[in-house]
Amino acid sequence: MNRAVAWSLAICLCFCAEQASAQGLLGKPNISAQYLLSRAGDDFDPFDTKLGHGVRFQGSVPLIAADIDWLWGVGVDGFGGVTGLGFDARIPSVPDVPLDVTLLGGDLGATFYAHATDNIRPFAQLGINWNQVGVGISSGPSLTVTDTSLIFVGGVEVDVSPFAAVRASYGRGADGFGNGFNSAFVGEVIFRPGDHWFGRFSAIVADDKSVIGGFGAGFAW
């Protein structure tokens, strides 16, 4: 996705914010799980790939609480997550040999955020990502490549109603796979019907045109 488009969407979210109590996840201990559905991008163009399925587990805990009475009060959250995807692929010249492709990623880092207003919280994430790509033949040999990379992400979290918040972010490692999908734009809706339980819906569009959709639930306290 074009970077200018991604940042334009984030800026539009800021202007659309309504007055609401903080419904986002920044500054709150939370855990969540999501089911993922993915379409492989340009890196897998030589293969006849199928839709992939996977899961993501995420968690965050405040390290430094923000002073909400002070404009641009800064807080720091620690975050971590594990993501896994799997899908089938075939080489067009050898259609009878199915391939099993697995993508695994783990990340750990810190989120620095500020209260621009009561409802708008820009943030930056810094950390490290571990990722692994495995390609194998069913009931046969496999090839695995493992790598690590830095996470560098910028975004904004906005309260849009008394029950929901949205997030938009862009950067390296934003998709949970680091080098696996390069940089990505992430859009999220966080729906909070109560004080603790929340729904989490996400869409990730990476630079290589891969797309990952996710939905799930979490608990904040």
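This is a predicted model: local features need pLDDT of at least 70, side-chain atom pairs count only at pLDDT 80 or more; totals for chains, interfaces and linings use all residues.

Reader: How many salt bridges does the structure hold?

Author: A pair counts when a side-chain nitrogen of Lys or Arg lies within 4 Å of a carboxyl oxygen of Asp or Glu. On that basis, the number of salt bridges in the structure is four.

Reader: Which residue meets Arg121 in a salt bridge, and in which strand is that partner?

Author: The N to O distance of the pair is 3.0 Å, and the partner is Glu157. Distant parts of the chain are linked here, since the two residues are 36 apart. Arg121 sits in strand E5 (residues 120-137), and Glu157 belongs to strand E6.

Reader: Why does Arg121 count as buried, and what is the relative accessible area of Glu157?

Author: Buried means under 20% relative accessible area. Arg121 counts as buried because its relative accessibility is 2%. Glu157 is buried as well, and its relative accessible area is 0%.

Reader: Which parts of the chain does the pair Glu157 and Arg167 tie together?

Author: The side chains of Glu157 and Arg167 form a salt bridge at 2.7 Å, N to O. Glu157 lies in strand E6 and Arg167 in strand E7 (residues 164-172), so this pair ties together parts 10 residues apart in sequence. Both residues are buried. The strands in question are E6 and E7.

Reader: Are Glu188 and Arg200 buried or exposed?

Author: These two side chains meet in a salt bridge of 2.7 Å, N to O. Glu188 is in strand E8 (residues 183-191) and Arg200 in strand E9 (residues 197-206), so the pair ties together parts 12 residues apart in sequence. As for accessibility, both Glu188 and Arg200 are buried.

Reader: In E9, which residue is the bridge partner of Phe185?

Author: E8 and E9 run antiparallel and are joined by eight bridges. They form a hairpin with five residues between them. The partner of Phe185 in E9 is Val205.

Reader: Which residue in the turn between E9 and E10 has a positive phi?

Author: E9 pairs with strand E10 (residues 211-220) in the antiparallel sense, over nine bridges. One of the bridge pairs is Phe198 with Gly218 in E10. The two strands form a hairpin with four residues between them. The turn residue with a positive phi, about 75°, is Lys209.

Note on methods:
Residues are numbered from 1 along each chain as its sequence is written. Side-chain values use heavy atoms; hydrogens and water are left out. Buried means under 20% relative accessible area, exposed over 50%, partly exposed in between (1.4 Å probe, protein chains only). Two strands pair if DSSP finds at least two bridges between them.
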